[in-house]
Amino acid sequence: MNAPARGSAAPSSLPRVVAASLIGTTIEWYDYFLYGTAAALVFGKLFFPHSDPLTGTLLSFLTYAIGFAARPVGALVFGHFGDRVGRKKLLVVSLLLMGGSTTAIGLLPTYDSVGVAAPVLLTALRLVQGFALGGEWGGAVLLVSEHGDQRRRGFWASWPQGGAPAGNLLAAGVLSLMTAVQSESAFLAWGWRVPFLLSAVLVGVGMWIRLAVEESPLFQQAAARRKSRPEAEQAPLVGVLRHHWREVLVAMGARMAENISYYVMTTFVLTYAVTHAHFDKQSALNAVLIASAVQFALIPLFGALSDRVGRKPVYLVGAAGVGVWAFVFFGMVDTHSFGQLVVAVTVGLVFHSAMYAPQAAFFSELFATRLRYSGASIGAQFASVAAGAPAPLIATALLKDYGSATPISVYVAIAAAITVLAVLCGRETRGQDLAEVDERSPEGRAVDGGAVDGGAVGKPAVT
């Protein structure tokens with residue numbers, strides 16, 4: 001059981017692959033979260049200036065949510081070509097699309113300059129961001145998962161997941177710095193543009209690193225087998241929907257609490273803390289900064305824990321925990337104590353980390369190599385339309401209608417219950433050799449190997 005999985009890369013190459021995936025996902029999430037943070041703090045004033053503050057924020061979050069609508073499209077397109085031509089090439093494309101659209105946002109005219117064209121252009125660029133991110137996540141986690149072996153896959157595959165808090169940390173940090181050194185008027189006039197324009201530099205760094213890594217060895221083996229077969233094969237999407245629809249539903253359900261709680265506790269909390277609990281912007285941003293730094297350190301630890309006790313137990317603790325914590329969270333924010341605000345966000349992200357860390361390995365282990373990019377991306381990104389996309393929007397609307405955070409807590413708790421049910425319905429995948437998934441897939445010869453029986457997708461070889 002100590003030998004590397006078939007198709008795994010030499011150990012010396014794995015840290016380089018992990019670093020490339022982590023840096024790339026950090027840049028992509030920086031771009032994506034930068035929009036969400038700006039939507040909470042400034043876009044309402046700049047692009048919807050004729051609305052009252054809460055309505056302007058609501059409209060700003062609507063453009064934010066629209067980006068999620070493009071993520072399933074990105075998952076379908078990137079998943080298809082990622083399963084056909086490789087993970088690495090599609091990751092380069094996603095980075096260029098995300099960086100280009102983010103830089104362009106930094107150059108946009110505001111409503112005062114061009115009227116209604118400003119929010120229209122903002123929405124269009126947000127759609128490009130969503131499309132790029134829909135393809136980024138699957139490729140980044142698979143590149144790591146398919147290079148490593150089954151014994152420590154949870155640990156290594158969790159590192160690209162660290163790109164989310166790292167990107168949020170970077171986005172909130174840059175905006176926090178700009179608000180700290182500028183007056184309100186200067187920040188609204190031009191300071192908010194600087195973090196978006198910075199994306200051009202970060203993308204250049206990310207491209208240089210990503211181009212240096214090798215393609216997934218498991219994908220190369222699958223591609224070679226595909227070329228040796230004369231018969232035509234199913235499109236990856238068809239294979240996923242025909243043979244792996246249960247796994248897709250498990251992945252979608254598992255994302256509900258993870259996605260909703262994250263955007264409520266990192267994006268919506270900025271609006272809630274400033275407009276309802278009367279914190280200043282700097283304090284709200286600093287609380288998210290501190291919590292994101294803690295989360296970045298915790299994700300690899302939870303990933304390693306999932307290698308020891310299983311993906312499901314760690315995931316379930318996170319889902320149940322965030323459902324309960326939602327009822328404590330807003331009460332702590334309402335105390336107007338910065339210390340309690342920090343604790344509220346940090347503990348929320350601890351529970352989120354318990355879900356997010358094993359997610360990369362968990363989803364990767366559900367699908368065969370020929371379908372893995374499509375399957376993991378579809379499961380993850382289609383859920384985001386119902387989960388993360390409307391989360392700040394729903395939370396803002398509930399706050400406006402009820403004047404209380406209790407309905408928001410109930411909303412998060414319902415999402416937690418859905419995730420607990422979905423994970424309980426899924427199979428434990430810890431210790432699964434990804435090459436065995438190919439051999440045991442119910443697709444038989446249509447996947448990556450010879451004809452096999454129609455049994456369940458690879459039983460986990462737990463070590």
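Begin by selecting α1 and α3 (87-105): each of these helices supplies at least two residues to the lining of the second largest cavity. The model on display is a predicted one. To outline this cavity, select A20, S21, K88, L91, L143, R210 and V213, which line it. The space inside amounts to about 50 Å³. By class, its lining residues divide into four nonpolar, one polar and two charged.

**The largest cavity**

Next, select W29, F33, W137, A164, R255, E258, N259, Y262, Y263, H352 and Y356, the residues that line the largest cavity. Its volume is about 60 Å³. Colouring by element shows that α1, α13 and α16 each supply at least two residues of this lining, with the largest share, five residues, coming from α13. The lining of the largest cavity comprises seven nonpolar, two polar and two charged residues. In total, the model holds three cavities of 30 Å³ or more.

**The largest pocket**

Turn now to the largest pocket, which contains about 230 Å³ of space. Two or more lining residues come from each of α1 (14-47), α2 (53-85) and α13 (245-276). The greatest contribution is that of α1, with six residues. Sorted by class, the lining of the largest pocket has eight nonpolar, five polar and three charged residues.

**Helices α5 and α6**

Select residues 117-145 for helix α5 and residues 153-161 for helix α6; the two pack with their axes 8 Å apart, at an angle of about 150°. Because this angle is over 145 degrees, α5 is roughly antiparallel to α6. Their crossing is right-handed. To see the contact, display W137, A140, V141, V144 and S145 of α5, which meet R153, W156, A157, P160 and Q161 of α6. This contact comprises seven nonpolar, two polar and one charged residues. W137, shown here in the contact with α6, is also one of the residues lining the largest cavity.

**Helices α15 and α16**

Finally, select helix α15 (residues 311-333) and helix α16 (residues 338-364), whose axes come within 8 Å and cross at roughly 160°. The two helices are therefore roughly antiparallel to each other. The crossing of α15 and α16 is left-handed. Their contact contains 20 nonpolar, five polar and one charged residues. While α16 is selected, recall that this helix also supplies at least two residues of the lining of the largest cavity.

Conventions. Residues are numbered from 1 along each chain as its sequence is written. This is a predicted model: local features need pLDDT of at least 70, side-chain atom pairs count only at pLDDT 80 or more; totals for chains, interfaces and linings use all residues. Side-chain values use heavy atoms; hydrogens and water are left out. On a 1 Å grid over the protein atoms alone, a cavity is a set of points where a 1.4 Å probe fits but cannot get out, and a pocket is an open set with protein on both sides within 12 Å along at least five of seven lines; lining residues have an atom within 4 Å of a point. Grid points are joined across faces, edges and corners, and a volume is the space filled by probe spheres set on the points. Helices (H or I, at least four residues) and strands (E, at least two) are DSSP runs, numbered from the N terminus. Ala, Val, Leu, Ile, Met, Phe, Trp, Tyr, Cys and Pro count as nonpolar, Asp, Glu, Lys and Arg as charged, and the others, Gly among them, as polar. Axes are lines fitted to C-alpha atoms, for helices over the stretch in contact, and angles run from 0 to 180 degrees between N-to-C directions. Angles under 35 degrees count as roughly parallel, over 145 as roughly antiparallel, 65 to 115 as roughly perpendicular and the rest as oblique. A crossing is left-handed if the near helix is turned anticlockwise from the far one by less than a right angle, and right-handed if clockwise. Contact means heavy atoms within 4.5 Å.
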